[in-house]
Amino acid sequence: MRLTRLSLRDFRSYVTADVGLGPGVTVIHGRNGAGKTNLLEALYVGCTGRSWRSSSDRELVRFDAKVARVELEAHAEDGRHTFSIGLEPGERRRLRVDGVVVERLADVASRPLAAVFLPDRLELVKGGPSLRRAHVDQLVTGLWPARAATRRAYAQALAQRNALLAGGGRDPQSLDTWDAELARHGTALMEDRRNAIELVATRFAGLASGLGLTDDPALAYRARSSSRTAADLAGELAARRDRDLHRGFTAHGPHRDDLAITRGGRELRAFGSQGEQRIAVLALLLAERDAMAQLRSAPPVMLLDDAMSELDATRRERLMATLDGPGQSVITTTDLSHVPGAEGSRMMRLAVAEGAVLSEARAA
């Protein structure tokens, strides 16, 4: 599926906008505060039905406006599709696919996929394990949409077990039941995560090395439990029950897992420079795009906000060479010279200023 057009009304700083998107790389350029990231965010909202920046629709609707609208047009093998999102503070978001109301875009198998890089996404490397677990679970959903239910079922079982623990565990039989339920969903969740990381690990190593991250960059899924069966995980939970009762919560299981991102066997979180961490995040997103293209024949559109500013010229060239292949990418920059090839005729260019698209140069 290829995105072809984005239309906005009263979204963030834009009164209105209607822009085309190139089949390969589209570059959005303008000074700081011009509205580049807002366009990128609108693309993400159109693909997912939600923002990565805020859960409040009040922040998405332009100041002094009552409602906002984002509409994406996309072309697929079966023809043209439209995805529209209506935003009104205090009301449910109005989502439509080809004019038909839907509850969640995540449940629409034919929706476009999106992967986003932001400067603060370095927290994926630098931050705590919960960020990396959530990212791996999003990857699982992107690769195998139906498996999102496993993560939800595990979370529900965990909440039930924790409630019993917080109440003092007065009903051991109920705890036995929820141990079994938690273990059943937990082993399935670990298997999904393990399979997802195996799919992207080799790709990550190659892409990270190609972007200049030396000394054997690697990904590894670090499961808190070594169990491969529900019975074994249930046994581990039972063995730790007294300690969990003392704490009042479940301290063992997939909700404590992590993703190790390393070079030379050392954690980039602690031993990597900011430039190396940036390359690792970019390589991870690109590796995931390649894996999704293989499994789903529809790579996500890459949304890259200010990805070039802290890369040297050689690494910018390498990144553009990686992006200049199958799939779409949208890049923001304050300086076109930071995007190799952007001043030629092969890329779509959108110039923005003061919340308005000033010009649109189409790719040849």
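Visitor: What does I85 touch, not counting residues up to four places away in sequence?
Guide: I85 touches V45, G46, G49, A68, R69, V70, R94, L95 and L105, where contact means heavy atoms within 4.5 Å. Keep in mind that this is a predicted model: local features need pLDDT of at least 70, side-chain atom pairs count only at pLDDT 80 or more, and totals for chains, interfaces and linings use all residues. Residues are numbered from 1 along each chain as its sequence is written, and side-chain values use heavy atoms, with hydrogens and water left out.

Visitor: Is I85 buried or exposed?
Guide: I85 is buried, with a relative accessible area of 0%. The cut-offs are under 20% relative accessible area for buried, over 50% for exposed, and partly exposed in between, with a 1.4 Å probe and protein chains only.

Visitor: And where is I85 found?
Guide: In strand β5. Helices (H or I, at least four residues) and strands (E, at least two) are DSSP runs, numbered from the N terminus. G46, one of the contacts of I85, sits 39 residues away from I85 in sequence but 6.6 Å away in space, C-alpha to C-alpha.

Visitor: OK, helices. How do α4 and α10 cross?
Guide: Helix α4 (residues 129-143) and helix α10 (residues 274-296) have axes that come within 9 Å and cross at roughly 25°. Axes here are lines fitted to C-alpha atoms, for helices over the stretch in contact, and angles run from 0 to 180 degrees between N-to-C directions. α4 and α10 are therefore roughly parallel to each other; angles under 35 degrees count as roughly parallel, over 145 as roughly antiparallel, 65 to 115 as roughly perpendicular and the rest as oblique.

Visitor: Which residues make that contact?
Guide: From α4 you have H135, L139, T141, G142 and L143, and from α10 there are L284, L285, E288, A291, M292, L295 and R296. By class that gives 7 nonpolar, 3 polar and 2 charged residues. Ala, Val, Leu, Ile, Met, Phe, Trp, Tyr, Cys and Pro count as nonpolar, Asp, Glu, Lys and Arg as charged, and the others, Gly among them, as polar.

Visitor: How do α10 and α11 pack?
Guide: At an angle of about 10°, with their axes 12 Å apart, so α10 and α11 are roughly parallel to each other. I279, L282, L286 and R289 of α10 meet R315, L319, T322 and L323 of α11.

Visitor: How many residues does the largest nonpolar core have?
Guide: It has 60, and F204 and L323 have the most contacts inside it. A nonpolar core is a set of buried Ala, Val, Leu, Ile, Met, Phe, Trp, Tyr and Cys residues joined through side-chain atoms within 4.5 Å. The largest share of this core, 11 residues, comes from α10. Apart from it lies another core, of 38 residues, including Y44 and L350.

Visitor: Last topic: what's up with phi at D215 and D306?
Guide: Both are positive values in a residue other than glycine: near 70° for D215 and near 55° for D306. Most residues other than glycine have a negative phi. D215 is in the loop between α6 (172-210) and β9 (217-222), and D306 is in the loop between β12 (301-305) and α11 (313-323).

Visitor: How accessible is D215? And D306?
Guide: D215 is partly exposed at 45%, and D306 is partly exposed at 29% relative accessibility.
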